[in-house]
Structures are given as structure tokens and as C-alpha cells.
Amino acid sequence: MAAAVLDPWALNRATLARQLLLERVTLSPLDAVGRLVGLQAQVPRDPYVALWSRLEGFRAEELSTLLEERQVVRTVAMRATIHLLASEDALTIRPLVQPVLDAELARHPEHGPRLRDVDLRPALAAARELLGDRPLTTTELRAALAVRCPELDAPAAAYACRCLLALVQAPPRGLWGRSSTVRLATLEAWVGRALAAAPSLDKLVLRYLAAFGPATVADVATWSRLTGLRPVLERLRPGLATFHDERGRELFDLPDAPRPDPETPAPPRFLPEYDNV
């Protein structure tokens, strides 16, 4: 039996429903951040606008409190960009996207060549110790690494720490109504728990579909910047629903995920500069 075809309107309404944009919902900010698999946070205020457009009665101080209480964190994640993630998710997702950060470091036009064939273990160990004690600015980290590892190019070593260590941007960065320079801490020291030892890429793909589906394999790759995802979707296929778009591309989805009528009204929404959508 041929898979159903979803036209652009059907795909649009499915995405808006899962992104909580067809209507505002009654959900806690922490639960919303988890359901959306994080929020783009390259601009510190963006997550506040994103949640205001999605949640009934959202107040900015709620999200600031979550940051201060370390229940959510600002960290490098999907596509090597800054996301606001629930701390529990950060511990799982950050190891899964490590290949993206490895590639980011290798292709950096300035730092990549300086670090080729360099043993970075001493610098990473020093950074773990330094950033585990207290958050440091990038300038402070560079200066400390220049002392601890004088044989290395300090700016390049600091950039390597960004890519090879799980780091968070500590408050007051990201708090509503306040501005500060970026201060870095290790994720593990900041939340007091270790990174997931065996995180599941399958589970992350399923969560992506719940938040963004129906989707092609290429869609999942665009969101995560991970490669080699076809085997993951094939492994998950028995438990998924499949469709096609009007161009004939295969779409994967969770069987019970919302796929509203294409005629469902979609009210205007004010979105931040780098919204998930």
C-alpha cells in the first residue's frame, strides 16, 4: 500500500503543532524546553521570546530562575551552536554531537592547522581543573593555559577546549534583563553529574521527530549536523509511520504524533531571530 502524501500545508501544521505554535499551551518552561529538545540561544534573550510565544502566562523570571538553579544550561550542542537545554538533556546530547565539534575544530581556518598532530590532553586536563573550580572568561582561560601549557598556542588550545570539553555559559549570562561576558564552566562540575556514558542516538532521533516531524533523513542531519543517519532511521523504521512529500521524498514520523488538518488556523506568532522553526 502506497504511503500517504503530505503536502506543504500538512507539513507546516504538523511542525507548528509540535513546536507549540498553533496555540499557546499550559506547560512549565522546563517541560517546554525538554519537549522542544532545547531552544536556540545564540542571542541570550531569544529563548525568552520563544517561550513567551508558546506558553500561557510565561514570565521571564521563571526561565532565569531555572538558569540560576542549574536546571537548564546554555551550551554548545546541535550544529555546534549555543542552545538552551534542560541539564539532563545536555548530559546526554552533548556526547552524541561530539563528532560535529570534532569536525568544527579540524576545519577551523586559524586554529585547526595549529593543532594538527598536537597532544591536547595536558591542555584539556588543565582546563577541566580550572573550569571546575570556577567559571572563567575565554581571556582568563587563555591566560591560564599559556602558563600551564606554554608549548601550545593558547588561543588555539582554548578553542579546542570549547570543542572537546562539554562547557556551559554560566549566569548571569543569559538572565533576563542582565548582560555579562561569557564565563565558562564544565557541564559536569556545573550540574554535579557526569556526562551520559552510553547515550542513545536512536532516542535522540525519536525526540527530534516528536518536536519537528514528519522528516526526511536529510532533515534530521540538517538539524543535528550529524552524518550517517540513514541506518538509524532504518533501524527505527518498524516502529515509525512513513509518508512522502510532494517531491516523492520519504518522511518518517512517530505513529501517534499530531498531524493536524492542513486547514487548521495558524495565528501569527512573534519569533526570535534564531528560533527552532
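Start with helix α5, residues 87-96: 7 of its 10 residues are buried, so α5 is largely enclosed by the rest of the structure. Buried means under 20% relative accessible area, exposed means over 50%, and partly exposed lies in between (1.4 Å probe, protein chains only). Helices (H or I, at least four residues) and strands (E, at least two) are DSSP runs, numbered from the N terminus. Select S87, D89, A90, L91, I93, R94 and L96 to see the buried residues of α5.

The model is predicted: local features need pLDDT of at least 70, side-chain atom pairs count only at pLDDT 80 or more, and totals for chains, interfaces and linings use all residues. Residues are numbered from 1 along each chain as its sequence is written, and side-chain values use heavy atoms, with hydrogens and water left out.

Next, select helix α6, residues 98-106. Its buried residues are Q98, V100, L101, E104 and L105. They span an arc of only 155° around the axis, which puts them on the same side of α6; the arc is that of the directions from the helix axis to the C-beta atoms. An α-helix has 3.6 residues a turn, so residues three or four places apart point the same way.

Move on to α8 (residues 121-133) and α9 (residues 138-148), which pack at an angle of about 130° with their axes 10 Å apart. Axes are lines fitted to C-alpha atoms, for helices over the stretch in contact, and angles run from 0 to 180 degrees between N-to-C directions. The two helices α8 and α9 are therefore oblique to each other; angles under 35 degrees count as roughly parallel, over 145 as roughly antiparallel, 65 to 115 as roughly perpendicular and the rest as oblique. To see the contact (heavy atoms within 4.5 Å), show A123, A126, A127, E129, L130 and L131 in α8 with L141, A144, L145 and R148 in α9. By class, this contact of α8 with α9 has 8 nonpolar, no polar and 2 charged residues. Ala, Val, Leu, Ile, Met, Phe, Trp, Tyr, Cys and Pro count as nonpolar, Asp, Glu, Lys and Arg as charged, and the others, Gly among them, as polar.

Now turn to the loops. Q19 sits between α1 (8-18) and α2 (29-35). Is Q19 buried or exposed? Q19 is buried, at a relative accessible area of 0%. Leaving out residues up to four places away in sequence, Q19 touches L36, R54, A211, F212, N276 and V277.

Select P171 and P172, where the joining peptide bond is cis, with omega near 15°. P172 is in the loop between β6 (167-169) and β7 (183-186). Another cis peptide bond joins G213 and P214, with omega about -5°, and P214 lies in the loop between α12 (201-212) and α13.

Finish with R70, in the loop between α4 (60-68) and β3. R70 is not a glycine, yet its phi is positive, about 70°. R70 counts as partly exposed, at 35% relative accessibility. A80, in the loop between β3 and β4 (82-86), has a positive phi near 60° and is buried, with a relative accessible area of 6%.
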